[in-house]
Each structure stands twice: as C-alpha cells, then as structure tokens.
Amino acid sequence: MYILRSFQYSFCRIMFLVSILKLTATYTNCLCLNINYFFVIKFEMLNWRKKKPSQNVQHKYSDCQGDQENRQVYFRVIRFNDKEQFKKKSNRIKTAKYGILSFLPLFIIDQLIKFSNQFFLFISILQQIPDASPVGRFTTLLPLTIKFGFSAIKSIIQDLIKHIKDYKVNHKYVEVLRNGILVQERWSEIGIGDIIKVKNNNIIPADLVLLSSSELHGICHIETKHLDGEHNLKIRQCVKETSYCKELKDLIDLNGIIECELPNKLFYNFLGRLKIMNNNPIPLDNKQFLLRGSILRNSKWIYGVVIYSGHETKIMINKSLRSVLKESAMGKIQNSLLKMIFLLIFLLSITCALCSLWWIKNSTNKYWYLEQRDVNAYTFLLQSISFFVIFHNTIPVSYVYIEVVRFLQAWFINNDIDMYHEESNTPAKVRSRYLNVELAKVKYIFSDKTGTLTKNIMKLKHCSIAGELYPEGSQNKMIYNLINHSTKNYILEFLRIMSVCHTVIPEKSKLTDEIVYNASSPDEQALVIGSQQFGFTFHTRCPTSVTITTLNGEETYEILNILEFTNSRKRMSVVVRTPDGQIKLFCKGADTSIVKRLSKSGEKHKNQTLMHLNDFARSGYRTLCFAYKNITESFYNKWKDEYLKASVVLINRESAKNKVAEKIEKKLTLIGVTAIENKLQDNVPKTIQSLMCAAIKIWILTGDKEETALNIGLSTTLITQDSSIIIFDETKLTDLRHTINQKMYNLGNTIETMNCTLIISGRFLKHALSSDLKMKFLKFCLNYC
C-alpha cells in the first residue's frame, strides 16, 4: 500500500512537471520570436542617450512659484514657438519594469516580499545543513525552484511584451514645427513647448493645448474610450485668439506663454491661461485640453502645444498610481496564519530541543546503542533546526503551487465563452489574478444610474410652461398658444432657452444633409432635438454666437458668457445679447438650485409648475427647471470684469467663478420644467433580481430627485412591493443623529425578516460622511440595508 501511494505521488509530480515543460516551451517560442525586438530596443535606447541636441535649442519651460491671494502657487510657464528645445523631460515612456542587469535583483526582491517565499527559502537553507536536517536537501528546494522558475519565465515574457510596446510607442512619428517647417519626429523626441500637428484618426502623442483645427471655429472631436471607457466623442474648441493659425506662417509668428498647473492625476481638470504679446490673459480649461492616448476624429488635422510629456502626462501618472499590487482577503488571511504557524513551529522546536537535551542528559548510560552527544549550545542549535525542519510540514509545500493555480484560473476566465460579449467583441479579462478567489465573496455592488443602468439615449417627453402642461404629442397646442395664449411670452422664452442655453455643436450630415448634434451631455441633445418639434431649430454655432430658426425666421444671439454646469452649481447659464440688443441670462438646472434664486415676481407660476415637476419625477423622468433674467448694460460690464479675473486664476478657479456667478444668477423668473426619458438597459431588472437572490446588496447613485429615485428603484426591481423603505432627508446634524438612533431602535432584531431599502438625499450624505456620524451611519447601512 505504501509503494502504491508513493507511485501515485511520483506520477502526479511527473505529470505536473510535463505540463510546466510544455508551458515553458510555449513561452520560449514567444521569447525567440521577440528577442530580436529586445536587442533593437536596447540599441535604440543607447542611441537615444547618445543623441546630442542641435545648436538651435533653447529652454522652453520652467516650473515656478508665485503669490495669489497671499498664498504660494506652483505653476508651469511654457514658451511656445518653432524652436527645438533641450530634452530635459522628453516624451519617452517606459512601462517595462526590468532590464538585462536589473532583472535578477528586482525579481528576487519581488519574490521575497511574500512571507510564504521567505519561509520556504529559509527551510531550504536549513535543509542544506547535513548534521541538522533529517530530510533530503532538495525536498523543499526543488518545488520552490520550479515555482521561482515559472514566475521568472512569466515575468520575462510579460516584461518583454511591455518593452516591445514601449519601443513601438516611442518610435511612432508625428509632425513637429522645427525652424519654420514641419518635420517628422519620433514621439520620444517631442518636448514641452513644441507645436505639433496631429492628423485625423491618429493618437494624441502628449497632453496638448489646442491651438487651431481644420474645422470651422477651431472645433475638433476626440475619442477617449481607451482612457475612460466612454464611447461618445468629446468636443474640444480652441480659444478664438489662436483659431486663425491654420498656416505655418501664422504659427511661426505666434509667440506666446502658457501658464498652467503642475502635472497631476486629475483627468477631467485642467487650469491655465494664455498670454499672447501684451494682451490680457486668456483662460484655458478642459475644453482646450487634449489627453495623451485619445484619438482625433472627424477633423483633418489640429495644431497643439505640448503641455505635459512622457511620464508627466495624466494617463501615465494614473498608470503609475494603479501599479500597486492588489491582494485578496484570503491572501491576507493566509499570510497572517502563516506567520502564526511559523511562530508556533519556532516555539515548539525550542521546546522539543530542550526536552531532547534533558532526555540525552538523563538517559545516556541507559541507551548505550544510541549516538552519544554532548549537552551544549551547539547540540541545542542542531536539535532546534532538526525539529524546525520536521515540523515545517505543518505548512504544506503545495502552498508554493498556489501561484500556478491562480495563473490557470485566470487563463480559464479569459477564455470562458459564456463571459464573452459578442456585440462589442469583448471577452472577460483578468487584470489581477490575485483577486480570483474574491469573485465568490462579493457582498456589495456600487453603481451609478446614467449610462450604466440606462442606455443614455434621452428623449424629451413632456414639459410645463407657466403652469400649463404640454404632454407628449401636444405640439399643435403649444404652437397655437404661442400665437394666441396669455402665456405666449413665456412659451417664446422657454423655446429660446431650449435652443440657445447649451454647448451643443451642430454638423450637417454629408449623406442626408440633415443636422447632426454633437453634445457632451445627452440631456442637452434631447432638448435641442425636442425644440425642433415646436418650430425652433438650432443650426449654427460660432465662437461668439448661435443662430436658430424660429416660426418668425432666423434669430442670432451673441454669446457673451457661458456659466457651465458643475456638480456643486447644479445649473448652467448663458449670458446672451438678443437680436434687439437686450442682455439676458438664460438658466436651466435642478429645481433645488433654481427655485431658491427666484425673485418674488418670478414665482407667479411656481406652485403649479412644481406640482407638474413632482408628477414627472414620480413617473421616473429626469427634470430640469428653466428661468431667465433681464440684465442692464452697466451691471453686466461691471460683472464681466470680475468674472474675467476669476477665470484666469490658477488655484481654486471653480470656486472663484462660482462666487462671481452667484451675483448674476439671482432674482430669476421661473418659466417652466421639462421631463426627459432615459430608458433602462436590456435585462436590468432580471440582472438585479439575480444579484439580490445571491445575497448581494446593491447601492445605486443617481443625481435625480427623490421621487425619480423611487421610481427607478421600482422599475429596476431594486425596490419590491414588500420592501420596507427608509428615507433619510434631514439637513441638520442633530436631526440626523436623532433619526439614525430612532431607526436603529425601532428596527431592532426584526430586520432579519424584513426587506429594507434605504434612500438617502445628497444633503444627508454630505453631513453623514463628514461628521462624527460617519461610523454609526456605516454601521446602519451594513446591518440594516
């Protein structure tokens, strides 16, 4: 029986070694195919280091510090023109971790970070002591070597692939303005302050500020799906002061300075200002900023100035932050248990060694046929090592093979046909094989609503103007009231706001000659398309004006200022000069942001309008309030200067702009509200129901009203008919504390038999997460929801 078991054990080991050899052969073939690339990469790197700059170089940028509002501000100053520069910080990137000389020490350090590897390496060293080890020298060393070898081959292959990718990226070419002409330069040779030309469908090689575009008014579109996963095109537009630079002579004569923030990881934020000659500073923000890795679409070409290059680009900064190795909860538990067992084995070995010495000392004469040993410190050390090696089997050596199991698990997941999405040609992808074991331990899923649970394809369904309801299909009624009704002026302003208050870019389709609207927000696109139903068509946007077609002909509105929507403001406004010379503020946003800014005379239809708004919200629609205000010329001129100063600061620009915007966005007149439909994705209720059946708790974040959130919860089956709904909407800290304590006391131990759903307002969440209630609120959510 013993021989049979030994044979089975040996056979299993032989089969495992055969599998390892097959995998090694496969990796070796890949290594042989790509080894030439590796040497080419190293050769090119040496050439890059040896390359000397030409004599026409100059320093183009510097990182400085200054004072703003009695605070020290650190910023970057960039001088852009067509001269070459010193390659102080080039655009060359390196994502590979190892080199030829650094591989061995770095690999050993990576492996010895893990306590399990330290433990088995320590055992392997102890087993090499002849007089101390009771087992063979290679009992632990052999499987540990196999594991290290397998990890080394895998690391070499992965790092070699990264080297090849780095080489290909660094050796892509782009046109750079040098000494009055456009020349082809490698991406790695681009520097901060260079003016480059990017053509359609090409990747942006560095973080740029847009100078000009082949399209009208300096507009271009970029695709960022490889950066943030969003498939919709984003609109970028240069400032009007540089939009004329479409020829080389214009670019050569364009000498300016860009002051901007230092490199940071914030993808969607950029603050800067442009100074040309002796003109006033021009504010730069995310609308002029192009990220490295994004793709230029629907534009023949663009010119841009390099702001951040190489590892200073936002994508590379974020990649470096995400490079930390994740560890599963099971891995942490295993390491803790391993350390405890190690300590236990150590104590047990010491105890057994002491007992052994005591026994030798008292039984030497009795058992004469045993080897005689002196009772001293050396014998004690040998005995301790012997017992430690014997007891180390408490931790099976198969622990070393967990790495191989993780690798095979990841391979099976990546090749699982049931996890393949055919429509988008997207298979499952394991990004961290250390988290495979966590898949069955998921307890919570956090999700947003828009674009995740919904299709993000929106449509205008209903609206209410001056207290009059206009449901879907009532175009004729609105057009009739626009001529003959007492609220015709409200209807006219309402449709003007729908057509003018937005940042949508219209384009004519080359095939059908129809207008196609490009919008960063689907809400705006739905409103612009919806206004067409009532005879108001937006068709032209210039840098300083928009033109719409109304029932009475064309109207052109001069855009004086755009106060953009932000999460803190919850509204968007445009200051326009109407065709008759008046200055007006058109505003749209959430009811919580608009209603409190109404004048007394502007609340005439407030009650009826809010009644309709709540009905829309209970039906699950997204709601927006519309308001306007007439502005005097003198007030606007004074306000404009303040807003311009706030627009060019390099620190806390958003709060500075919001503070100035508050001065003009008040004493508004409420006009009406809209209801926009955003349909759910296919099979959302079924999916959520399946997840809840698996005891997974789902938390959804939405920016809608409480009534809309309730409706969404019902339509997605997150809230069922037998659910007990708990609503927190208090605003005062004392009230919040009392409400949480009262709810916890009332629920008590009955929660196990209840199906509870918690609905939290944003105001409550803000207080609950920033006070001493944080831990109590977390405990309530984990225990009762």
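**Gln-127**

I started with the contacts of Gln-127, taking contact as heavy atoms within 4.5 Å. Leaving out residues up to four places away in sequence, Gln-127 touches Ser-133, Val-135, Gly-136, Arg-137, Thr-139, Thr-140, Leu-141, Val-389 and His-392. This is a predicted model: local features need pLDDT of at least 70, side-chain atom pairs count only at pLDDT 80 or more, and totals for chains, interfaces and linings use all residues. Residues are numbered from 1 along each chain as its sequence is written, and side-chain values use heavy atoms, with hydrogens and water left out.

Gln-127 sits in the loop between H3 and helix H4 (141-170). Helices (H or I, at least four residues) and strands (E, at least two) are DSSP runs, numbered from the N terminus. Is Gln-127 buried or exposed? Gln-127 counts as buried, because its relative accessibility is 1%. My cut-offs are under 20% relative accessible area for buried, over 50% for exposed, and partly exposed in between (1.4 Å probe, protein chains only).

**Helix H9**

Val-389, one of the residues that Gln-127 touches, is buried in H9. Others buried there include Leu-382, Ile-385 and Phe-388. Helix H3 (115-126) and helix H8 (329-363) are among what covers the buried residues of H9.

I checked the length next. The expected span is 1.5 Å times one less than the number of residues. The 15 residues of helix H9 (residues 377-391) should therefore span 21 Å, and the end C-alpha atoms are 21 Å apart, which agrees. At the start of H9, a side-chain oxygen of Asn-376 comes within 3.3 Å of the backbone nitrogen of Tyr-378.

**Cores**

I looked up the nonpolar cores. Each is a set of buried Ala, Val, Leu, Ile, Met, Phe, Trp, Tyr and Cys residues joined through side-chain atoms within 4.5 Å. The largest has 38 residues, and Phe-586 and Ile-465 are among those with the most contacts inside it. Helix H12 (residues 488-500) gives the largest share of this core, 7 residues. A second, separate core of 31 residues includes Leu-177, Val-239, Ile-258 and Ile-315.

What does Phe-586 contact, leaving aside its neighbours within four places in sequence? The list includes Glu-493, Arg-496, Ile-497, Val-500, Met-572 and Tyr-628.

I count two strands as paired if DSSP finds at least two bridges between them. Strand S22 (residues 537-542) and S23 are antiparallel over 5 bridges. A hairpin of 2 residues joins S22 to S23. On the other pairing, S23 meets strand S24 (residues 553-563) through 6 bridges, also antiparallel. S23 and S24 form a hairpin too, with 2 residues between them.

Ile-548 of S23 is the bridge partner of Phe-538. Ile-548 also stands opposite Glu-555 in S24. Strand S23 (residues 545-550) is mostly covered, with 5 of its 6 residues buried.

**Sheet S10-S9-S15**

This open sheet has 3 strands in the order S10-S9-S15, with antiparallel pairing. Strand S10 (234-237) and strand S15 (295-297) are the edge strands, each pairing on one side only. Strand S9 (residues 219-223) pairs with S15 over 3 bridges. The bridge partner of Glu-223 in S15 is Ile-295.

**Thr-687**

Last entry: Thr-687 lies in helix H18 (residues 684-693). Thr-687 is partly exposed, with a relative accessible area of 43%. Thr-687 and Thr-717 are 30 residues apart in sequence, and 9.5 Å apart in space, C-alpha to C-alpha.

Terms used:
Polar contact = N/O pair within 3.5 Å; in protein donor to acceptor, adjacent residues only side chain to side chain.
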